Every structure is written in C-alpha cells, then in structure tokens.
There are 2 protein chains.
Amino acid sequence: MTDAETTPETTVGELSEGQVLRGILDRLPPSTAPVGPGDDAAVLSVPDGRVVATTDTLVHGPDFRLAWSSPFELGFKAAAVNLADVAAMGARPVALLVALAMPDATPVSFVQGLADGLAAACDELAPGCAVEGGDLTVSDTLTIAVTALGSLEGRDPVRRSGARVGDGVYVIGELGEAARGLEVLFRRFTDADGAPVALTPQARAALDPLDARAVSRQLAPRPPLATALAAAASGATAMMDVSDGLVLDATRLADASDVTIEIDSATLGDEPARALDGGEDHGFLVVFPPDAEPHGRRIGTVVARGDDAVRVDGRAWEGPGGWDPYRDWDAGRG
Amino acid sequence: MTDAETTPETTVGELSEGQVLRGILDRLPPSTAPVGPGDDAAVLSVPDGRVVATTDTLVHGPDFRLAWSSPFELGFKAAAVNLADVAAMGARPVALLVALAMPDATPVSFVQGLADGLAAACDELAPGCAVEGGDLTVSDTLTIAVTALGSLEGRDPVRRSGARVGDGVYVIGELGEAARGLEVLFRRFTDADGAPVALTPQARAALDPLDARAVSRQLAPRPPLATALAAAASGATAMMDVSDGLVLDATRLADASDVTIEIDSATLGDEPARALDGGEDHGFLVVFPPDAEPHGRRIGTVVARGDDAVRVDGRAWEGPGGWDPYRDWDAGRG
C-alpha cells in the first residue's frame, strides 16, 4: 500500500513499519536534539553532565480502557506521567522515547491521535521537550512504554530521602480528582456485567461539570510541572510524584527519609478519604524546610520517626492508602 | 504473602509490586549512578554533556516464543539489542531502564532468570552498565521494553549519514547465524500445526554443534560492542546495528548518506543469501575512509548514488533483504 492510498481506517497491519512511523513523526514537534529520530539512537544535550531518566508503561487493561480513553488522551497521559517523574527530581524534561506495541488491527487514525496527544503534553507541560526516539512493534496487547529524560540545569536532584524533622509537607496539584473520575467511569459507563461502555462525546457533554472535569483528569492528567521545578529551585528538601495514592506515596517518602509524616485531614478538602487513597493525579508531594519559600498548599509536618510512616490526624490511616497494580487489577479490559 | 513464604513457583500475581521488584533488584549488578533505582527517576553521569538514548521492545509472539527462549536468554537479548544500538552510535552504555509487563501467572523464577540475563548481558557486553530504573505492570502479553543510555566520552556520534564515496564497507560480528538458528527452531521444534514445541536442555544438547550455536545466537545474540567502540575511535564515518537484515539495513545507511553500497557476495561466507537476508545478529555495519585503520571484515565499497541503494555483485538484490515486524509476523505465539 502506498502512503497516498492510506485512509484513517487503514490498519497498521496493512502498512510497513516505515509508513506507520512517518504517520507518527509528521505529527510530533520537530526534534530539538543534536541527533533526533532516524538513527540507531538519539543524542541529547544535558549541559551539566547529568541526565535524569525514568520509564513508565500504560497497558491496555490494567491502565486504560479503549471504551473510555480517546487516543489523544492516551498519548497525553503516557507522556504526562513520565514528564511528572522527571520534574519530581527537579529536572526539566528534554526528551521522550516512545515504544509502541499495537495489534495489527489498530487503525492509523488511532496512532495519529496518540501522536497528537504526545505532542500536546510536551507543548503544554514541558515546552522544548520532543519525542526523540522510539520503537514500533506488533502485540496482542496495546502497550505504550515511554521513557522521559531530563536536565538538572546545575541543580541538585530532589530525592525522596531529604525530608528532615520540622520541615513542612506540601502538595502541588490536585488530590483525588483522578480517583473521582475513575469512580464516575465505573459507576456510569459500565454495563450490568461490569464491562465498560463507550464514553461518547455526547455522554461526556451530558455529565455534571465537576464529574466531567474529574473524568478528564483521570484520562489525561495535567501535572503542574512548572510549579514542581519552581519548588526544586526554592529549596525543597524532598519531592515525589503522587501517582499511587497520597498515603502510599507519603509512606515511601517517609521511609526513604526515615521520618514520620503527619497529615492534617482538614487540609484535604471536602473528601479527605478520596484525597488520601486516590491515585493517578500526578501532583507532587514536596517538603520544604521552615526557612524556605514554599510552593503548593501545606498538608502536614515532618516529625521524628515513630511506629507509623504516615499518620493522619495523629493516627495510622485505616484506608487502602493507594493502588498496587499487582493486587488491584480486576483483569477487565474493554 | 511474606518474602519468606515465596518459592520459585510463586506467581507475580500473588505478590506486591515491591516484592516482585526486590526479587529483581537483588540479582542485578549494583548501581553505579549518582541516583539509582528507588526514586522517581534515576540520575546518570554523562560527563561530556551528551547522552545517547534508544529503546527497543521484545513482545511475546512476534519477538520470542516461551517454548524456545529461557528467561535468562530473554533478559540477555532484551539488554543486548539495546546495548548494540548505543554502541552503534560510538557510545559506551552506562545504564538500562527496564519496563516489564507480565501476566499475573508469571512465576517468580521466570522474573529471576530474566534479571540474571539482564545482569549477564551488562557484565559481558558493557561492563559498568547497570539497570538503573524500570517499571513493573501486569499485562496479558509478556512485554520487555528496554531503554539504553550511553556516554560519547567526548567523541562525535557515528551516524548513518556519514558514508562517503570511496569508503570501505565492513561488518563487525556475525551475519546469518541468528537467522540460521531461527530456521533450526522452526524446522525442528514445531509440531505438525506449526506450533512451537519445547526446546529442552536435552534436545539442545542433541543438536549438531553448529546448529546449537546458531540457535544460541538467535536466542541470545552477543554483539561485539568493544570492537564497535574501537571502530568509532579509529575514524569510522558511518555505523549501524545490523538488526533487520544486511540488505535492508545497508539500504537505510545508503539512503541516509545518499550513496550506493556495493556488496561483494564472495565475502559473505558459504551462505551469502542468508547473510544478506537474515536479521537479528546485531553485528555492526561500519564504513571507514581509505586512510583509517579498519575493524571487522570488508564486504564492499561505497560508490556514487545510483538507482539502487544497495547492489550485490553489481545488481539489485532480489531476496527479501530483511524482516519487517508489521509485515512478517505470523501471529503465532507459544
């Protein structure tokens, strides 16, 4: 099949790898790297001689349902969750590598929407960052594995292990919105057997505006990267992306720093349980010493290590605290 | 389940993500990075301010059969193909990131074998390189997405586009061995319906030594990285990993350089067709100017661009020339 003969309904199985690749590259922002896509590997500039690197994968089933996510949202989310991990170290994202494994029957229009979402996430969250490399293969399970690389620009990395007793604990971004969106999807967009039903543009438009916003945050989170980088520049002692749930992630930070984190649930809005247990917002948990200019809103305090890594209102938290993909996936797909 | 209760038969679905991760990290070489596994992202040192980055995925079905590959070989191959791409730019690999998506029913012993293979590939092919980050998720399709990062150590990257008329064309490593191994597997280790049957240690021991070697090269290629780095240091004008087939990859290099590559089939051993068409050896195609000290064995010459990107013995090559995953996967798995 020639490029001129392809339509949005053409499937990737009808095309060569080179044709699928061209359909993606044409929609991405131009490379800003010394060597961009097209060679055995990309060459990226990280002037201070250190590169920050992370990888995170979205898998059809445990991580998304095609009945709910548009291709654009999938591309956006796959980029955003990785960009957030780079920013959580205090680094500016400079490049993504995208490994895409797709069933033969995937339409070219799907791949184009995915590329548009990757491009939009770079433009909106990390201007100057581009997709500088990747890999295409066929698979029975649609899988999007993204690696993000970042530049520290001379700053020290902000690790999980730097929290000190007396520091203030802050959150940058939202808590519980993505979890609320997931609840809306499971409650309103599944059939009697629990199988997902299509979230059409019409159905989305008919949602209560707060529900619609929550669904949108679940399907395409918008981590506030610029504020995270400002936090790193203004002396944060510890920072991490809140991806699996506030209590679970705060536990990781507290364990790495050998401290206990006290959270005041009155700071967590109208639904503190959802803020404590809900994952996937990709905001930032950040710790500032008393003399720093903080960013975000304060939710607690670092205290000496006690029996519990995290305490909420002075007690251990009884809720699930977050999400573990090895325990919590229900094997659904759709 | 506590760590003490796990056995090799325990499945990843019975464990937490943290437990699966510990089972992997314990078997990998220790981190050599400023920040290794365990934070939102790794921080790696690339002293000259440039990082080489590439990603390549192995998917159950198109890329491997569990009846044939041991977990060790899968880990080794997943690392080796990415290490080869870094070396093909003239860079020394410094880190791998490994994103592993596995069915719930995957035994822990499988994950351990995979980790051992990753570790062995780093030790054998790229000493000092370690797995510095990764991601674990569940999936219906076993998928191993690896990103490799490298340091140019002050050298210019060796691109595909640098070949000049009059340069000599060389190959470092083997050609056709991996393809021969795949032929042995399909001919001797499939049933009447074409489904793979188990390649047991006993069956492997009973193979003709040359067949056994070829099978081993298919399942765990050993790209000669040290020689590729020596080639970069001694003035190679162009280089690339030969992964999809000599003619197909030489075509890519010729197109990028706007030249034609003349190959002399008499230099390709006893089975030139297999050397020209067979992929997955992960040797290196490298081009040297006449005044350089070459590495590898000479297979041809760069000439002015003609109608064909590659000519074999003065004519266009009539064989397939290589492998395209979007055209050539038969949908088998096993």
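In strand S9 of chain A, A:Val287 is the bridge partner of A:Ala238. Strands and helices here are DSSP runs numbered from the N terminus, with at least two residues (E) for a strand and at least four (H or I) for a helix. S9(A) covers residues 283-288 and runs antiparallel to S7(A), with five bridges joining them. Two strands count as paired if DSSP finds at least two bridges between them. In general, strands of a sheet pair through backbone hydrogen bonds, either parallel or antiparallel.

This is a predicted model: local features need pLDDT of at least 70 and side-chain atom pairs pLDDT 80 or more, while totals for chains, interfaces and linings use all residues. Residues are numbered from 1 along each chain as its sequence is written, chains are lettered from A and ligands numbered from 1 in the order written, and side-chain values use heavy atoms, without hydrogens and water.

Back to the sheet. It is open, has six strands in the order S7-S9-S6-S10-S8-S11 of chain A, and its pairing is mixed. S7 (238-242) and S11 (310-312) of chain A are the edge strands, each pairing on one side only.

What packs on the sheet, touching S7 and S9 of chain A, with a direction at about 170° to that of S7(A)? That is helix H2 of chain A, residues 71-87. Contact means heavy atoms within 4.5 Å; angles run from 0 to 180 degrees between N-to-C directions, with axes fitted to C-alpha atoms, for helices over the stretch in contact.

Now chain B. In helix H6(B), residues 209-219, the buried residues include B:Ala214, B:Val215 and B:Leu219. Buried means under 20% relative accessible area, exposed over 50%, and partly exposed in between, using a 1.4 Å probe and protein chains only. The buried residues of H6(B) pack against H2 (71-88), H4 (177-188) and H5 (201-205) of chain B.

Next, the cores. A nonpolar core is a set of buried Ala, Val, Leu, Ile, Met, Phe, Trp, Tyr and Cys residues joined through side-chain atoms within 4.5 Å. The largest has 62 residues, and B:Leu96, B:Ile144 and B:Phe284 touch the most other members. Helix H3 of chain B (108-125) gives the most to this core, 11 residues.
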